[in-house]
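Me: I'd like to learn how to read ring contacts and strand pairing in a model. Can we go through it step by step?
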Amino acid sequence: MCGIAALQIRNPALRGELGGLMHGMLCEIVERGPDSAGLALYGSEQLTPDGSSAITVISDADPAALAESLRACLPEGAEPTVVAYAESLLVNAEVGASVLEQAVRTALPGASIIGRGSNVAVLKGVGHPVALADVYGLTGISGTQALSHTRMATESAVTAVGAHPFTVAEDLCLVHNGSFSNHASIRRWLRAEGVDFDSENDSEVAARFIAWRTRRGDDLKTALEALQGVFDGFYTLVVTTADSMAVVRDPIACKPAIIAETDDWIAMASEYRALAGLPGIEDARIFEPSPGVVYTWALEPVLEGAAR
(Lines give C-alpha, C1' and ligand atoms only; values in the text may rest on other atoms or scores of the structure.)
Protein backbone atom coordinates (compact mmCIF):
# COMPACT_ATOMS: atom_id res chain seq x y z
CA MET A 1 0.00 0.00 0.00
CA CYS A 2 2.42 2.71 1.25
CA GLY A 3 2.00 6.47 1.08
CA ILE A 4 4.01 9.09 -0.78
CA ALA A 5 4.06 12.87 -0.39
CA ALA A 6 6.50 15.19 -2.14
CA LEU A 7 6.74 18.96 -2.33
CA GLN A 8 8.99 21.25 -4.36
CA ILE A 9 8.95 24.93 -3.39
CA ARG A 10 9.47 27.32 -6.30
CA ASN A 11 8.77 30.58 -4.45
CA PRO A 12 11.57 31.43 -2.00
CA ALA A 13 9.05 33.25 0.19
CA LEU A 14 7.48 29.89 1.06
CA ARG A 15 10.65 27.96 1.82
CA GLY A 16 10.43 28.69 5.53
CA GLU A 17 7.13 26.80 5.54
CA LEU A 18 8.45 23.62 3.92
CA GLY A 19 8.46 21.53 7.10
CA GLY A 20 5.05 22.64 8.26
CA LEU A 21 3.50 21.96 4.86
CA MET A 22 5.14 18.55 4.67
CA HIS A 23 3.91 17.69 8.16
CA GLY A 24 0.35 18.36 7.04
CA MET A 25 0.83 16.20 3.94
CA LEU A 26 2.43 13.38 5.95
CA CYS A 27 -0.45 13.29 8.42
CA GLU A 28 -2.85 12.47 5.58
CA ILE A 29 -0.97 9.41 4.28
CA VAL A 30 -0.28 7.65 7.58
CA GLU A 31 -3.05 5.09 7.09
CA ARG A 32 -1.31 3.89 3.93
CA GLY A 33 1.82 2.85 5.84
CA PRO A 34 1.88 2.98 9.64
CA ASP A 35 4.90 0.80 10.41
CA SER A 36 7.83 3.08 9.47
CA ALA A 37 8.58 6.32 7.68
CA GLY A 38 11.29 8.43 6.15
CA LEU A 39 11.96 11.95 4.98
CA ALA A 40 14.41 13.57 2.58
CA LEU A 41 14.76 17.31 3.18
CA TYR A 42 16.61 19.48 0.69
CA GLY A 43 18.17 22.91 1.07
CA SER A 44 17.71 23.09 4.85
CA GLU A 45 20.05 25.48 6.62
CA GLN A 46 19.34 23.58 9.84
CA LEU A 47 20.24 20.15 8.49
CA THR A 48 22.60 20.83 5.57
CA PRO A 49 24.26 24.22 6.08
CA ASP A 50 25.97 25.82 3.09
CA GLY A 51 29.44 24.42 2.51
CA SER A 52 28.81 21.21 4.42
CA SER A 53 27.86 17.66 3.50
CA ALA A 54 25.54 15.32 5.34
CA ILE A 55 25.70 11.58 5.92
CA THR A 56 22.93 9.72 7.75
CA VAL A 57 23.71 6.43 9.44
CA ILE A 58 21.51 3.98 11.33
CA SER A 59 23.33 3.32 14.57
CA ASP A 60 22.97 3.36 18.35
CA ALA A 61 26.42 4.93 18.70
CA ASP A 62 26.82 7.81 21.12
CA PRO A 63 26.82 11.04 19.06
CA ALA A 64 29.62 12.69 21.03
CA ALA A 65 31.81 9.59 20.83
CA LEU A 66 31.20 9.29 17.09
CA ALA A 67 32.09 12.94 16.54
CA GLU A 68 35.34 12.40 18.40
CA SER A 69 36.16 9.32 16.29
CA LEU A 70 35.38 11.22 13.10
CA ARG A 71 37.84 14.01 13.96
CA ALA A 72 40.66 11.52 13.57
CA CYS A 73 39.35 10.42 10.14
CA LEU A 74 38.74 13.84 8.59
CA PRO A 75 41.11 16.53 7.28
CA GLU A 76 42.38 18.95 9.89
CA GLY A 77 39.87 21.69 10.62
CA ALA A 78 36.83 19.76 9.36
CA GLU A 79 34.85 19.82 12.59
CA PRO A 80 32.08 17.16 12.49
CA THR A 81 28.72 17.41 14.22
CA VAL A 82 26.54 14.41 15.02
CA VAL A 83 22.87 14.72 16.01
CA ALA A 84 20.60 11.79 16.90
CA TYR A 85 17.09 11.66 15.44
CA ALA A 86 15.79 8.41 16.96
CA GLU A 87 17.49 5.62 14.96
CA SER A 88 19.09 8.08 12.51
CA LEU A 89 22.38 9.83 13.23
CA LEU A 90 22.91 12.90 11.04
CA VAL A 91 26.59 13.70 10.52
CA ASN A 92 27.71 17.05 9.07
CA ALA A 93 31.14 18.42 8.21
CA GLU A 94 32.62 20.97 5.79
CA VAL A 95 34.07 18.37 3.43
CA GLY A 96 32.82 16.62 0.32
CA ALA A 97 30.12 13.99 0.77
CA SER A 98 32.38 11.16 -0.41
CA VAL A 99 35.12 12.17 2.06
CA LEU A 100 32.62 12.33 4.90
CA GLU A 101 31.08 8.99 3.95
CA GLN A 102 34.48 7.30 3.98
CA ALA A 103 35.19 8.80 7.42
CA VAL A 104 31.90 7.44 8.75
CA ARG A 105 32.66 3.99 7.32
CA THR A 106 36.06 4.07 9.03
CA ALA A 107 34.66 5.21 12.36
CA LEU A 108 31.63 2.88 12.25
CA PRO A 109 32.57 -0.21 10.23
CA GLY A 110 29.55 -2.12 9.01
CA ALA A 111 27.02 0.57 9.90
CA SER A 112 24.18 1.23 7.44
CA ILE A 113 24.49 4.56 5.63
CA ILE A 114 21.03 5.68 4.51
CA GLY A 115 21.66 9.25 3.33
CA ARG A 116 24.43 11.14 1.58
CA GLY A 117 24.85 14.46 -0.17
CA SER A 118 25.59 18.14 0.12
CA ASN A 119 21.99 19.29 -0.25
CA VAL A 120 19.84 16.59 1.37
CA ALA A 121 19.32 15.22 4.87
CA VAL A 122 17.64 11.81 5.14
CA LEU A 123 15.90 10.68 8.34
CA LYS A 124 14.26 7.24 8.64
CA GLY A 125 12.88 5.13 11.43
CA VAL A 126 10.44 2.49 12.64
CA GLY A 127 7.24 3.66 14.29
CA HIS A 128 4.22 5.85 13.70
CA PRO A 129 5.08 8.39 10.98
CA VAL A 130 3.65 11.41 12.81
CA ALA A 131 5.53 10.50 15.99
CA LEU A 132 8.74 10.23 13.95
CA ALA A 133 8.06 13.59 12.30
CA ASP A 134 7.77 15.14 15.75
CA VAL A 135 11.07 13.56 16.82
CA TYR A 136 12.68 15.04 13.71
CA GLY A 137 11.26 18.51 14.42
CA LEU A 138 9.74 18.58 10.95
CA THR A 139 7.48 21.60 11.43
CA GLY A 140 10.47 23.84 12.14
CA ILE A 141 12.51 22.90 9.07
CA SER A 142 12.86 25.17 6.06
CA GLY A 143 14.13 24.21 2.63
CA THR A 144 13.59 23.87 -1.10
CA GLN A 145 11.90 20.48 -1.43
CA ALA A 146 10.99 17.40 0.55
CA LEU A 147 10.08 13.79 -0.05
CA SER A 148 8.29 11.53 2.44
CA HIS A 149 7.10 7.94 2.59
CA THR A 150 5.00 5.90 4.99
CA ARG A 151 5.59 2.19 4.64
CA MET A 152 3.46 -0.93 4.79
CA ALA A 153 6.13 -3.59 4.35
CA THR A 154 5.55 -6.35 1.80
CA GLU A 155 8.96 -7.37 0.42
CA SER A 156 11.32 -7.10 3.40
CA ALA A 157 11.46 -6.63 7.17
CA VAL A 158 10.22 -3.58 9.02
CA THR A 159 13.51 -1.82 9.81
CA ALA A 160 14.86 1.70 9.55
CA VAL A 161 17.24 0.53 6.82
CA GLY A 162 14.33 -0.92 4.84
CA ALA A 163 12.26 2.26 5.13
CA HIS A 164 12.14 4.75 2.28
CA PRO A 165 13.54 6.94 0.81
CA PHE A 166 16.54 5.13 -0.61
CA THR A 167 19.48 7.47 -1.08
CA VAL A 168 22.17 5.45 -2.82
CA ALA A 169 23.99 8.32 -4.57
CA GLU A 170 24.68 11.90 -3.54
CA ASP A 171 21.45 13.91 -3.26
CA LEU A 172 19.48 11.24 -5.19
CA CYS A 173 16.43 9.87 -3.33
CA LEU A 174 13.70 7.42 -4.37
CA VAL A 175 10.39 6.37 -2.84
CA HIS A 176 8.15 3.62 -4.18
CA ASN A 177 4.57 2.52 -3.73
CA GLY A 178 4.12 -0.94 -5.22
CA SER A 179 6.16 -4.08 -5.76
CA PHE A 180 8.69 -5.30 -8.32
CA SER A 181 8.38 -8.96 -9.29
CA ASN A 182 11.84 -9.34 -10.86
CA HIS A 183 13.95 -7.40 -8.37
CA ALA A 184 16.01 -10.47 -7.38
CA SER A 185 17.29 -11.06 -10.91
CA ILE A 186 18.04 -7.35 -11.42
CA ARG A 187 19.89 -7.28 -8.08
CA ARG A 188 22.09 -10.18 -9.23
CA TRP A 189 22.79 -8.42 -12.51
CA LEU A 190 23.69 -5.13 -10.81
CA ARG A 191 25.95 -6.95 -8.32
CA ALA A 192 27.78 -8.44 -11.29
CA GLU A 193 28.26 -4.83 -12.44
CA GLY A 194 29.89 -3.99 -9.11
CA VAL A 195 26.87 -2.44 -7.39
CA ASP A 196 26.54 -3.02 -3.63
CA PHE A 197 23.27 -3.24 -1.67
CA ASP A 198 22.29 -2.37 1.88
CA SER A 199 18.99 -4.25 2.18
CA GLU A 200 16.76 -6.87 0.57
CA ASN A 201 14.15 -4.25 -0.25
CA ASP A 202 12.89 -4.37 -3.84
CA SER A 203 12.73 -0.57 -3.95
CA GLU A 204 16.44 -0.26 -3.26
CA VAL A 205 17.06 -2.17 -6.50
CA ALA A 206 15.24 0.56 -8.44
CA ALA A 207 17.26 3.26 -6.69
CA ARG A 208 20.52 1.43 -7.44
CA PHE A 209 19.49 1.00 -11.09
CA ILE A 210 18.78 4.73 -11.49
CA ALA A 211 22.07 5.67 -9.82
CA TRP A 212 23.91 3.20 -12.07
CA ARG A 213 22.28 4.68 -15.17
CA THR A 214 23.02 8.29 -14.17
CA ARG A 215 26.67 7.42 -13.51
CA ARG A 216 26.77 6.17 -17.10
CA GLY A 217 25.49 9.50 -18.42
CA ASP A 218 21.68 9.35 -18.29
CA ASP A 219 19.67 12.27 -17.02
CA LEU A 220 16.88 11.49 -14.57
CA LYS A 221 14.15 11.26 -17.21
CA THR A 222 16.18 8.90 -19.42
CA ALA A 223 17.07 6.67 -16.45
CA LEU A 224 13.40 6.35 -15.46
CA GLU A 225 12.41 5.56 -19.03
CA ALA A 226 15.05 2.84 -19.07
CA LEU A 227 13.74 1.46 -15.78
CA GLN A 228 10.34 0.85 -17.36
CA GLY A 229 11.91 -1.47 -19.90
CA VAL A 230 13.70 -3.57 -17.26
CA PHE A 231 11.48 -3.75 -14.15
CA ASP A 232 8.29 -5.80 -13.98
CA GLY A 233 5.59 -5.07 -11.43
CA PHE A 234 3.44 -2.20 -10.32
CA TYR A 235 4.72 1.09 -9.05
CA THR A 236 4.46 4.77 -8.49
CA LEU A 237 7.94 6.23 -8.09
CA VAL A 238 9.07 9.68 -7.02
CA VAL A 239 12.75 10.51 -7.45
CA THR A 240 14.42 13.73 -6.30
CA THR A 241 17.82 15.32 -6.79
CA ALA A 242 19.24 18.58 -5.48
CA ASP A 243 17.47 20.53 -8.22
CA SER A 244 14.74 18.30 -9.65
CA MET A 245 11.80 16.01 -8.97
CA ALA A 246 10.36 13.23 -11.14
CA VAL A 247 7.23 11.08 -11.00
CA VAL A 248 6.42 7.94 -12.99
CA ARG A 249 3.71 5.26 -12.77
CA ASP A 250 3.74 1.79 -14.25
CA PRO A 251 2.15 1.31 -17.70
CA ILE A 252 -1.23 0.29 -16.27
CA ALA A 253 -1.16 2.75 -13.34
CA CYS A 254 -1.92 0.24 -10.59
CA LYS A 255 -0.93 2.58 -7.78
CA PRO A 256 -2.59 5.94 -7.06
CA ALA A 257 -0.94 9.30 -7.60
CA ILE A 258 -2.14 12.85 -7.92
CA ILE A 259 -0.17 15.99 -8.80
CA ALA A 260 -0.94 19.63 -8.06
CA GLU A 261 1.03 22.47 -9.64
CA THR A 262 1.11 26.23 -9.10
CA ASP A 263 3.67 28.96 -9.81
CA ASP A 264 4.75 28.69 -6.16
CA TRP A 265 5.07 24.93 -5.70
CA ILE A 266 4.65 21.44 -7.15
CA ALA A 267 3.27 18.63 -5.02
CA MET A 268 2.57 14.94 -5.47
CA ALA A 269 0.76 12.59 -3.13
CA SER A 270 -0.88 9.20 -3.06
CA GLU A 271 -4.21 10.81 -2.13
CA TYR A 272 -5.78 14.21 -2.76
CA ARG A 273 -6.42 14.83 0.92
CA ALA A 274 -2.65 15.19 1.42
CA LEU A 275 -2.72 18.15 -0.99
CA ALA A 276 -5.87 19.83 0.29
CA GLY A 277 -4.12 22.00 2.90
CA LEU A 278 -1.50 23.51 0.61
CA PRO A 279 -1.69 27.28 0.07
CA GLY A 280 -3.42 28.19 -3.18
CA ILE A 281 -4.65 24.63 -3.83
CA GLU A 282 -7.96 26.02 -5.05
CA ASP A 283 -6.18 27.57 -8.04
CA ALA A 284 -3.76 24.71 -8.72
CA ARG A 285 -3.63 22.59 -11.84
CA ILE A 286 -4.53 19.15 -10.50
CA PHE A 287 -4.20 15.93 -12.46
CA GLU A 288 -3.39 12.23 -12.29
CA PRO A 289 -0.09 11.37 -13.98
CA SER A 290 -0.65 9.28 -17.10
CA PRO A 291 0.53 5.65 -17.10
CA GLY A 292 4.12 5.16 -18.23
CA VAL A 293 4.86 8.89 -18.63
CA VAL A 294 7.88 10.38 -16.83
CA TYR A 295 7.11 13.84 -15.39
CA THR A 296 10.04 16.04 -14.34
CA TRP A 297 10.31 19.48 -12.76
CA ALA A 298 13.43 21.58 -12.30
CA LEU A 299 13.85 23.65 -9.15
CA GLU A 300 13.68 27.04 -10.82
CA PRO A 301 12.59 29.57 -8.21
CA VAL A 302 9.90 32.14 -8.88
CA LEU A 303 11.26 35.28 -7.29
CA GLU A 304 9.04 37.10 -4.83
CA GLY A 305 7.25 39.92 -6.63
CA ALA A 306 8.15 38.66 -10.10
CA ALA A 307 5.63 38.70 -12.90
CA ARG A 308 3.54 35.51 -13.05
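Me: Which ring does the charged end of Arg208 sit over?
Reply: The model is predicted. For a charge over a ring, look at the distance to the ring centre. Here the charged end of Arg208 lies over the ring of Phe197, 5.9 Å from its centre. Arg285 lies over the face of Phe287, with 4.1 Å to the ring centre.

Me: How many aromatic pairs does a search of the whole structure find?
Reply: A pair of aromatic rings is described by the distance of the centres and the angle of the planes. The search finds nine aromatic pairs. One of them, Trp189 with Phe209, is tilted: 6.2 Å centre to centre, 45° between the planes.

Me: Which helices hold Trp189 and Phe209?
Reply: Trp189 is in helix H5 (residues 183–192) and Phe209 in helix H6 (residues 202–215), so the pair ties together parts 20 residues apart in sequence. Ring pairs also link Phe180, Trp189, Phe209, Trp212, Phe231 and Tyr235 into a cluster.

Me: Is Phe209 buried or exposed?
Reply: Buried means under 20% relative accessible area. Phe209 has 1% relative accessibility, so it counts as buried. Trp189, at 35%, counts as partly exposed.

Me: How many residues of strand S1 are buried?
Reply: Seven of the seven, so S1 (residues 3–9) is largely enclosed by the rest of the structure. Gly3, Ala5, Leu7 and Ile9 point one way; Ile4, Ala6 and Gln8 point the other way.

Me: Which strands pair with S1?
Reply: Strand S8 (residues 145–151) pairs with S1 in the antiparallel sense over six bridges. There, Ala5 stands opposite Ser148. Strand S14 (residues 265–269) also pairs with S1 in the antiparallel sense, over five bridges. Ala6 stands opposite Met268 in S14.

Methods
Residues are numbered from 1 along each chain as its sequence is written. This is a predicted model: local features need pLDDT of at least 70, side-chain atom pairs count only at pLDDT 80 or more; totals for chains, interfaces and linings use all residues. Side-chain values use heavy atoms; hydrogens and water are left out. Rings of Phe, Tyr and Trp (its six-membered ring) pair if their centres lie within 6.5 Å; planes under 30 degrees apart count as stacked, over 60 as edge-to-face and the rest as tilted. Helices (H or I, at least four residues) and strands (E, at least two) are DSSP runs, numbered from the N terminus. Buried means under 20% relative accessible area, exposed over 50%, partly exposed in between (1.4 Å probe, protein chains only). A charge sits over a ring if NZ of Lys or CZ of Arg is within 6 Å of the ring centre and within 35 degrees of the ring normal. Two strands pair if DSSP finds at least two bridges between them.
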